[in-house]
Every structure is written in structure tokens, then in C-alpha cells.
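Please walk through the structure below. The focus is on how two chains meet, and then on a single residue.

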Amino acid sequence: MKLLKSVFVSSVMLAASAFALANNDTINGAGSTFAHPLYSKWAEEFRKESGIRVNYQAIGSGGGIRQITAKTVDFGASDAPLTDDKLNREGLIQFPTAMGAIVPVVNIPGVAPGAMKLTGKVLADIYLGNIKKWNDERITALNPGLNIPGQPIYVVHRSDGSGTTFTFTDYLSRVNEQWKNEIGVNTDITWPRKATTIGGNGNAGVASFVRRTRGAIGYVEYAYAKQNSLTHTQLASAEGTFLQPSMETFQAAAANADWANTSNFYLLLNNQPGANSWPITAATFILLHKDQADAAKTKSMLDFFEWSYAQGDQHAIALDYIPMPENVSVMVADSLRQLTVNGQPVSQ
Amino acid sequence: MLSTTNARAVDGDSIFQRLSFSSAILILLVLIGILISLIDGGWQALSEFGPGFVFSNEWDPVGSQFGAASAIYGTLVSSLIAIVIAIPAGLGTAIFLAELAPRWISKPVGMAIELLAAVPSIIYGMWGLFVFAPWFSEGFQFWALENLVGLPVIGAWFDGPPIGIGLLTAGLILSFMILPIITALTRDALQTIPNVVREAAYGVGATPFEVITRVLLPSIRNAAVGAGILGLGRALGETMAVAFVIGGANRIETSLFMPASSISSTIAQQFNEATNEMHISALISLGLVLFVLTFLVMGVARLLLKK
């Protein structure tokens, strides 16, 4: 009995201390799977310096938005920015933390990585099923001197809803009228029936189908294409120059993005101006409630974001993310001053 | 003295009765609770699209048009393929293990089958995608395209891209998954038949084939159908394994090589990233459709059993 009692007491104390820990020194976030490797790395490094624990769960952007709306987490993370309308309705603010790029990958016998040139319009026509063979003259015209076989094209897409699909379809609808009018933009769409489509689960699924299906084309995050040495293509910038996917062309796109003239950082980064800007890039966003309930926690959270803007770039680059340009971090710091705790401004 | 023992006996009995009664009720309550929350969550989509939700083939998150027909079709056809393959194969394995194989084979093989039942479904999915699909594409689909496509009726089933995934692959992976359940249950049923029955049958001069088909199989008929129903239930609701290999296309095609979608894989793949309220509601309605569909299929299966 005595033993039982002491077990009971100690377990209550343990639970209480875990609860206290969870309350004061832990920030909980959830959302975007794309940002997960970066936020986990930031959380790990930040904890070493400050002792504050940041838990991040990669449950998907849609889940992140639902969780922050329901206030079950301290911050949400989404790959697609929310509109002013939605932000105001839920009392949220948002800001970008890092960017990623999407690259087309192909499997055509005899075509080396980076050898094939595509324009956005032709890429959309391939996904629409208007171009069904690799030796179609719309493709060969862009690639004089490249020996392309008459392989039928298999179009590989994500079968799960994803921010990658959102960014990719947004790009296609910017560069192709037919795509814009007939297909549209979403995390998950009805893929054109004219094309021969294959749906892969996650980046891994898409990569797997592209790698082993002759004649396949797919789209994956740059980090994924690089780490798995897939055959990427060149892509035409908004100004028509052909670019290789690389940290330089991604950063050029980031630098040319016009963040200053946005409201609540609502900006889709595809097809940015500049002859050197890789055309398919996207930022990933953090969502916070404008009015916070807990002063200590808000302070920890602000410390974390401040730290990640000041010290996080090297980790982002190491993980193949593109850090935000300097001028954006100033704007984000400004925007975070809107935060209040129970109606009172946060004392920094 | 007498009264205390009496009271005790009554007490224990009534407590036990109440306990088992309330656990039975609890299951019923949970079931009703799930049903209510599915209807509540899916109401927006159900009231918007009406019966069209079940019959329409259009699933378009961009235009907010949702119809479940292709997902229902994919669920039913993949489960049907699974059951058509798994029932004869499972029954055959069970007969071999229980009646024909020597003990030194039946024991380890039986244990291996039970182990197979414990493998998580995501493993089947990943194995299906990375190991089975390439093999299936090279080993069967190219051959089928050359030799089967010309055949009447069934030819059209095999006329599609040889990419290794699609409805047929999903059905095959499902059949591997439900095979252990069907085998284990029917083998156990065969083993419960007393040896006297077999001896009597052999005694009147029956061959082993006759003993199995005329005596043993009829007596485990109920158990075998029950095993089939359990397997079918698992196939209808299976999510991750199917999500990996079905290809995620919302359309109804005659070709079994074409990518398709199933109800549960659609929910699993789209729910995380769904932000539009109508989309979320439509996904929850899909859950309700699966609930009703499973109920109907089980009902029909039980009816067949009674006949």
C-alpha cells in the first residue's frame, strides 16, 4: 500500500513537472511537411543556445492551418500564404521564413541531367496532354542538337495533397492560359485526362516513378532531386533565358521578389522578373495569433523567430533551402511588433 | 451462512452480466457516435451535392465539385480482385496445411503465415511500390500488352500503360494482405473437425479429394465465409498500402492497368492539405460512404451465408 502510494505520488509529481515543462519552456508548432527538416534543425540549434524547446510536427499545411485556428498549437506553418480576408477573420498574422525551389525531373534515354531545355508553356502543354511524345517538334525546337527519342510521355504528379503541387500548378497557370482556364491551382487537382498520368505518394513516390519509367516527367523539391541525383531539366525564366536549377538562380528569384508591396506577405513567388531568376520557387510561412495569451511563451516564440532570422541562414543553405533576403527580415521584425498579449503590446 | 454465499453468487453474476452488457452497449454507442460525427462533418457536402455525391464521377478540389463514384468504383474493384485471388489461394493453403502437409512443414509455414498477418500495412505499400511494381511491370504488364490485349472482353482490362501501379496492382497487394487472415481462420476451422469424421469418411472408401470436398469443406462452410468477410472488410478499408500503389487518379476506366483511387486512400492523401471547407466536408462524407458501403457489403455477404 505504501509502495503504491509512493508510486502514485511520484507519478503525479512527474506528470506535474512534465506539464510545467510543457507550459513554460516548450513552444509547439505544426504544419508544412516541406519546412519540417529546416524547423527541426533550427529547433535543435536554438535549444542548445537558449534551453527553449520547440516541438514541430509535420502534419501538412492544411493541418497546420486547422491547428492554429483551433489554438491547439502556438504557431502553424503553411506553404501557401493565407489571404488578408482569412487572416483577419481568424485573428492571425503570417510571415515567410525560407524559400524552396521546385525542379522538373525526367527520364529520357540518352538525355543527361541539365541537358534538356523546357519553357513553362511547353511544360504545361506536356502536363495538359497536348504534347504526348518526347520528339514533338515543340520540344525539339527548344533543344537543337539534342537527340530525343520518340518515347511516349508519362506525366508523374503527387497523388497526395501538397504545397509542392500548389506551387507547381500556380506556375503552370501563370505561363499557360489553357491551364489557368481549364485546370486551376490547388494542393490537389484533377489532372488532365488527355495526358497519361501516374500519381506518386510524396516526393519519394514521384521520384521513384520518374526514375524507373522511361519517358516520365515529374516535379520534386530541389533538395530531393539533388540528393537523389535525378535528371533535372533547364527551365526558361520569365524573360526567356534558360537556367539551370542552382542556389544562385534560386537566390536571384528571391532577391527580385517584391515583398515590400504585399499585404501580410501574401506573395506567390513563381515567375519572378530577372533574367537569372529560377521560375518555380515558393516561400513557406509561419502563422501566429495576433493576440497571445501567455507573455512568457510569446517572448520565447519571438526569441526563436528572431534567432532563426539572425543565425538560421547557414542551416537553411546546408539543407538546400533558400534563406530570406536581408530586407525581408527587417519587414518581418516590423510585422512581429503587432503582436499583443491579452491586448497589451509585447515588451521587448 | 447460506444467505451470504447466495448473495455472493448473485452479486458476481449480476456484476458480470452488467459488465458484459455495458461493453456491448458501449460498442454500439461508439458506432452511433462515429456515424453522427461523420454525418455532421460531411453535411455541408452532402446537402450541396445530394445523391449526386455518390453517382458523380467529378472530384475537383479547384472548382469545389465533389463526387465519389470513382473512389467507390476503385474501392469495390480492388477489393473484388483481392477477394477473388485470396479466397481460393487461402482455402488451398489452409487445406494443404491442415490436411495434407506433414507436421514439419505445416508448423513453420503456419507460423510464417501468422507473422505475415502482423506486418504493418505501410510495409506492404512500400514493398508494393518499390519491389512489386517494377517486377510486375517488367514481368507481367509488357507480356499482357502483347498477348492479352487482343482477347475479347478481358482484353480491354489489360490495355493501359505498363507502369506497374494501378487498380490491378492495388488488388494484388490487397490479396497478399488478406491471405493470412483467410488462411489462418480456415486452417483453424479445419483443425477443429474431429478426426473421427475423417476416419469415418475414409472408412466408407472415400478418396482424400472426396473427403476434403464432400465432408470437410461443407462442414467449415460458415467459418470459411466468415473468413472471407473479414478479409473483405480489411480490403475495403485498407488505406496506406493502397495509397502507395493505386496511382491516385479520380476516374473510372475499363483498364485495370490505369491509375485509380479508393475511398480510404483519397481521404488519407488529401485530408492533411485540404483547406477549403467544402473539400474537408466532402472527404468526411467519403468516410460516411465507406461506412455505409462496408455495412452493405457485409450485409450482402451475410445474406449469402444464410442461403
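Predicted model: local features only at pLDDT ≥ 70, side-chain atom pairs only at ≥ 80, totals over all residues.

Residues are numbered from 1 along each chain as its sequence is written, chains are lettered from A and ligands numbered from 1 in the order written, and side-chain values use heavy atoms, with hydrogens and water left out.

Start with the contact (heavy atoms within 4.5 Å). Chain A brings 35 residues and chain B brings 30 residues. Together they bury about 2,500 Å², 47% of it on carbon and sulfur atoms. Buried area here is the accessible area (1.4 Å probe) that two parts lose on being put together, summed over both.

Polar contacts come next. Chains A and B share 17 residue pairs in polar contact, both residues at pLDDT 80 or more. Such a contact is a pair of N or O atoms within 3.5 Å; within protein, one must be able to donate a hydrogen and the other to accept it, and residues adjacent in sequence count only if both atoms are side-chain atoms.

Now turn to T165(A). Is T165(A) buried or exposed? T165(A) is buried, at a relative accessible area of 1%. Buried means under 20%, exposed over 50%, and partly exposed in between (1.4 Å probe, protein chains only). Leaving out residues up to four places away in sequence, T165(A) touches R158(A), N186(A), T187(A), D188(A), W191(A) and Y219(A). T165(A) lies in helix α7 (residues 163-175) of chain A. Helices (H or I, at least four residues) are DSSP runs, numbered from the N terminus.

Note on methods:
Helix = DSSP H or I, 4+ residues; strand = E, 2+ residues; numbered from the N terminus.
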